[in-house]
Amino acid sequence: RVRKGQILVQLEHPDFIQWQTDYLEASAEVERASAALDRLQNLANEAAASQKEVDRARADFSTWNVRMASAKARLAQLGVGAEELKVTGLKTSWSLKAPFDGYVHDVAANLGSYAAPTDVLLRVENPQHSHIELAVFGKEAEEVMPGQTFEFALNGSPTRQRGSVKEVGKAPSANGSYTVHGHPDAEVHELRSGAFVQAWIQ
């Protein structure tokens with residue numbers, strides 16, 4: 001079991017360092033451009049600088065602001081605080097943390113292994129949002145209504161658990177069954193994504 005915020009995987013990639021560098025460089029350029037704009041505006045007020053120079057400085061400031069915002073948003077997607085980065089400096093790795101309390105399974109990550117952006121490294125199941133998809137055939141599906149209770153047992157287990165129907169599919173699948181969406185009444189630790197259950201709707 002893992003807790004929300006617990007580190008699951010440490011990731012390293014040269015791009016991660018580059019993205020941090022991009023933000024720090026853009027942030028420094030924003031400060032420079034802001035100071036240059038203020039100076040030129042003061043000079044323009046004293047007729048010592050042209051409006052064209054002020055406009056050029058303002059455009060430069062806006063450009064770097066956009067670049068900084070873009071770099072900041074990219075870091076935010078990784079859970080990296082841009083302002084914190086200015087204090088701590090560059091980080092060589094990124095921590096993938098648990099988004100909620102739950103259970104980890106299907107772990108495919110190994111120490112030192114390469115992971116593509118599309119790879120699934122692991123799965124975290126939220127036991128508070130477990131659900132069960134039942135396949136009901138023919139006229140029996142017409143008799144199932146939201147709110148009905150059902151009993152279910154995990155594949156190979158003699159223990160029956162209780163649940164309730166939340167939604168009934170309106171259209172049949174390719175094999176003619178209707179999908180009945182239900183929730184268990186209590187947390188079932190052994191219930192995992194893709195697990196098979198046998199159910200009895202009451």
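**Reading helices, strands and salt bridges**

Mentor: Keep in mind that this is a predicted model. Let us begin with two helices: the axes of H1 (residues 14-45) and H2 (residues 51-77) come within 8 Å and cross at roughly 155°.

Trainee: Are H1 and H2 roughly parallel or roughly antiparallel to each other?

Mentor: An angle over 145 degrees counts as roughly antiparallel, and H1 and H2 are therefore roughly antiparallel to each other. Their crossing is left-handed, and the residues of the contact divide into 15 nonpolar, five polar and nine charged.

Trainee: How should I read a sheet, and what is the order of the strands in this one?

Mentor: In general, the strands of a sheet pair through backbone hydrogen bonds, either parallel or antiparallel. Here five strands form an open sheet in the order S5-S8-S7-S6-S9, with antiparallel pairing. Strands S5 (132-137) and S9 (197-201) stand at the edges, each with a single partner strand, so one side of each is left without a neighbour in the sheet. Five bridges join S6 (residues 149-154) to S9, and Phe 152 stands opposite Ala 199 in S9.

Trainee: Which residue forms a salt bridge with Glu 151?

Mentor: Glu 151 forms a salt bridge with Arg 162, with the closest N and O atoms 3.7 Å apart. This pair links distant parts of the chain, since Glu 151 lies in strand S6 and Arg 162 in strand S7 (residues 161-168), eleven residues apart.

Trainee: Is Glu 151 buried or exposed?

Mentor: Glu 151 is buried, because its relative accessible area is 19% and buried means under 20%, whereas Arg 162, at 39%, is partly exposed.

Notes. Residues numbered from 1 in each chain as written. Predicted model: local features only at pLDDT ≥ 70, side-chain atom pairs only at ≥ 80, totals over all residues. Heavy atoms only, no water. Pairing = 2+ DSSP bridges. Helix = DSSP H or I, 4+ residues; strand = E, 2+ residues; numbered from the N terminus. Axes fitted to C-alpha atoms, helices over the stretch in contact; angles between N-to-C directions. Parallel < 35°, antiparallel > 145°, perpendicular 65-115°, else oblique. Left-handed = near helix turned anticlockwise from the far one by under 90°. Nonpolar A, V, L, I, M, F, W, Y, C, P; charged D, E, K, R; others polar. Salt bridge = Lys/Arg side-chain N within 4 Å of Asp/Glu carboxyl O. Buried < 20%, exposed > 50% of the residue type's maximum accessible area, 1.4 Å probe, protein only.
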